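Biologist: I would like to learn how to read side-chain contacts in a model. Please take me through them step by step.

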Amino acid sequence: MTKLLGYGFWNGVARLILRNRLFILFLVAGFTVFLGTQWKYMRFTYTEANLLPDDHEVNLEYNKFLDQFGEEGNLIVFGIKDSTLFTPEVLNKWNALSDTINSFDAVALSVSLKDLKLLEKQEEPKRFEMVPFVEGSVNTKVQAEALKKKLFKDLPFYEGLIYNKETGTIRSAVYLKKDIVNTAARRDFIVEDLIPLIDQFEEETGITVHTSGMPYIRTLNSATIISEIGWFVGGALLVTSLIFFFFFRSYRATFISMITVVIGVMWAFGFLGLLGYEITVLTALIPPLIIVIGIPNCIFLINKYQQEYKNHGNKIKALQRVITKVGNATLMTNITTASGFATFILTQSSLLKEFGIVASINILAIFLLSLLIIPIIYSYMSPPKERHLKHLGKTWIEGFVNWIERMVRDRRITIYISTVILLIASMIGIYQIKVSGSLIEDMPKKTTFYKDIKFFESEFDGIMPLEVLIDTKRPKGVMKLPTLKRMDELATTISETPELSKPISIVNLVKYGKQAFYNGDPQYYQLPTSNERNFILPYAQSFSNEAGLLDSYIDSTGQYARMTTFMQDIGTDRMEIVEDNLYNKISILFPEDKFDVTLTGKALVFQKGTNYLINNLIISLSLAILLISIFMAFMFRSFKMILVSLIPNLLPLLITAGLMGFLGVPIKPSTILVFSIAFGISVDDTIHFLAKYRQELKSSGWKIKRSVYASVKEAGVSMFYTSIVLFFGFSVFMISSFGGTVALGGLVSVTLIFAMLSNLLLLPSLLLSLERNIANKEDFKKPAIQILDEVEDEEVLAELDKE
């Protein structure tokens, strides 16, 4: 393996690239066109991320619920908190809006003031009839006020579902057909039909309509993700190109780099389509990530080319050295970066697995593109002019590198004390980190749909469904009076939980049946006694197949029942307390030998997924450290060097974790990514520094101090360049409206700056302080990266000239 990636291999690569320039360019262009044809297969996600493995117990329970009752996230709600609603003109327009919405094929059921049904008892024959709450148009204010009074006073069945008695808020509910909830048809209905209708109503009446529900939230959230991809890609290109130009002061170097990363972005989109993966809030980050990670490759290659040309003035020789000397080290740095992303493949979460696969493939792809495109384009261009090389002698960068050297030479004790202080502070901060499993926390806070979520939380105690699945273990067991009483008592517990809304179940309908039996008197809105049940049963049988609203709350066999409540946006810790309290009550009310009761729903699945990811964070990060340590061992053949090199790369991760604690940034799916990503990238600096350090050791006759200072001076410039580009490149993610993306960008940026300083200050300090224990000839006796000597260079140059 050493020989494979040594002089012979990279010499062969240089020959291959520089001999077959046109063929390679056509090959790159052809593959780019092919991947371009795969863009049409890109799909946008229509559901929330499922962070759990398919065979996880929570997923199995949720799938069991879906088998019984189908998709539970099919509810869209509209809310109005305005006293002018109950005026004839506005009320008629509101009812007309409901009629129009109900006419669409996508709608399975609409529950609004216009759709409300009243149960009325009829004697001949004994039956309940469902009559409209609103008949025809409302012509007078007296009629409107009478409807309002009747709704709020006489219809407790609809309290919490249609109205809030305390605030007077009115809500309409639209149930979409379950077979379109997770398809593009849902998006088309909401964007093209529903939203324009609501906008028209608001314009005509001047009343604000608050719209929410999981299908609506998913649709607008996905639209925001899609719109931000362009901003991310454009922002990353702008920022990195400006910084690149500031460093190199060369339009053509900047242009070549931009061409390279733009092709990399095109490949990233192509791989998403080729693999058939959905564009989620994570995979949407990959194209701009490729720009941010690809630019450092360009910096190392172009900087090396210009340095070589400045040294000897031979363009072909400079290009050959770029490939042979920088190619191996750059390959290894890209492999370590890809390894940081590839660890997500092992999480068993399809969301993270797809992200890890596409990201790691494209990181290696952008390395390949850089290695091919940059030397080939420069081979066709005129040699660099003096103005192109001016940046190599920038005094301000020299000043920064000299400061680093002085600190390492004279202030090592200060560096160590500062490191210990930062470490202690970080440990204090780590103990303050909180965990968040919120489904909506990362959603854009400034959007109207997020504000509407908060509106429904305050008015109706939440919008995210939490389901209780009750298996009575026998057919028709649900309608047994003891079962209904157990469900009613559980409903009371749920209603008394501040974070949960009043639940909806078959119990509500049975209570309404008793109220109707007693001629609509609201004081009888309660479960019937055993004697009353016998009297009411003949009436209830007449409408059992017409209830519509609650058909989906008991299965066809009568064995399974569901209770639906809505939960507020609460953290994982509080949700665990709520869950424990409910299960404690369930264990008392529903004996395990007679009932099987589980809590489920998308919101709960997401929270459990967050806990799963956190539990696997240590495993994922440990795998990243292990993989990268293996690469380091292969490259440097020194176990001692691995230990020394890991310290300055683990320290920034601890500092970042501490900052999260102090700044109140919780651990959640988006911020979990920070550590593996940042570690994979920050190790690149270590590889470049130690590669240069080993080269200096060999050329200086194993004089450690001279080698360390020389490495700081030469590697420090490139490390500074790339770290600044990465810092500002990842900072682009902070323009996102998604809180998790903002946190990811900010935390990775901060981590990489700390990693640069750690690798330039702490790493050389450790090498100097431990010079007697590391870096002897035995440690480096078989290096994996060959450093070419002048004879080899001249031989390759002569062979290339013959071509």
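Modeller: Start with charges over rings. A charge sits over a ring if NZ of Lys or CZ of Arg is within 6 Å of the ring centre and within 35 degrees of the ring normal. Here, Arg562 lies over the face of Tyr553, 4.8 Å from the ring centre. Arg21 does likewise with Tyr380, at 4.4 Å from the ring centre.

Biologist: What should I know about the source of the model and its numbering?

Modeller: The model is predicted: local features need pLDDT of at least 70, side-chain atom pairs count only at pLDDT 80 or more, and totals for chains, interfaces and linings use all residues. Residues are numbered from 1 along each chain as its sequence is written, and side-chain values use heavy atoms, leaving out hydrogens and water.

Biologist: How many aromatic pairs are there?

Modeller: Rings of Phe, Tyr and Trp (its six-membered ring) pair if their centres lie within 6.5 Å; planes under 30 degrees apart are stacked, over 60 edge-to-face, the rest tilted. That rule gives 23 aromatic pairs. Phe245 and Tyr251 have ring centres 4.6 Å apart and planes at 35 degrees, so this pair is tilted. Tyr518 and Tyr524 are stacked, at 4.1 Å centre to centre with 15 degrees between the planes. Phe31, Phe34, Trp267 and Phe271 form one aromatic cluster.

Biologist: Is Tyr251 buried or exposed?

Modeller: Buried means under 20% relative accessible area, exposed over 50%, partly exposed in between (1.4 Å probe, protein chains only). Tyr251 has 67%, so it is exposed. Phe245, at 26%, is partly exposed.

Biologist: What about salt bridges?

Modeller: Side chains of opposite charge can pair when their charged atoms come close. The cut-off: a side-chain nitrogen of Lys or Arg within 4 Å of a carboxyl oxygen of Asp or Glu. The count is 13 salt bridges. Glu145 and Lys141 form one, at 3.7 Å, N to O. Both lie in helix H5 (residues 141-154), four residues apart, about one turn of the helix. Helices are DSSP runs (H or I, at least four residues), numbered from the N terminus.

Biologist: Which salt bridge links distant parts of the chain?

Modeller: Take Glu308 and Arg321, whose closest N and O atoms are 2.7 Å apart. Glu308 is in helix H9 (residues 286-312) and Arg321 in helix H10 (residues 315-342), 13 residues apart. Salt bridges with shared partners join Lys304, Glu308 and Arg321 into one network. Glu308 and Arg321 are both buried, whereas Lys141 is partly exposed at 46%.

Note on methods. Helix = DSSP H or I, 4+ residues; strand = E, 2+ residues; numbered from the N terminus.
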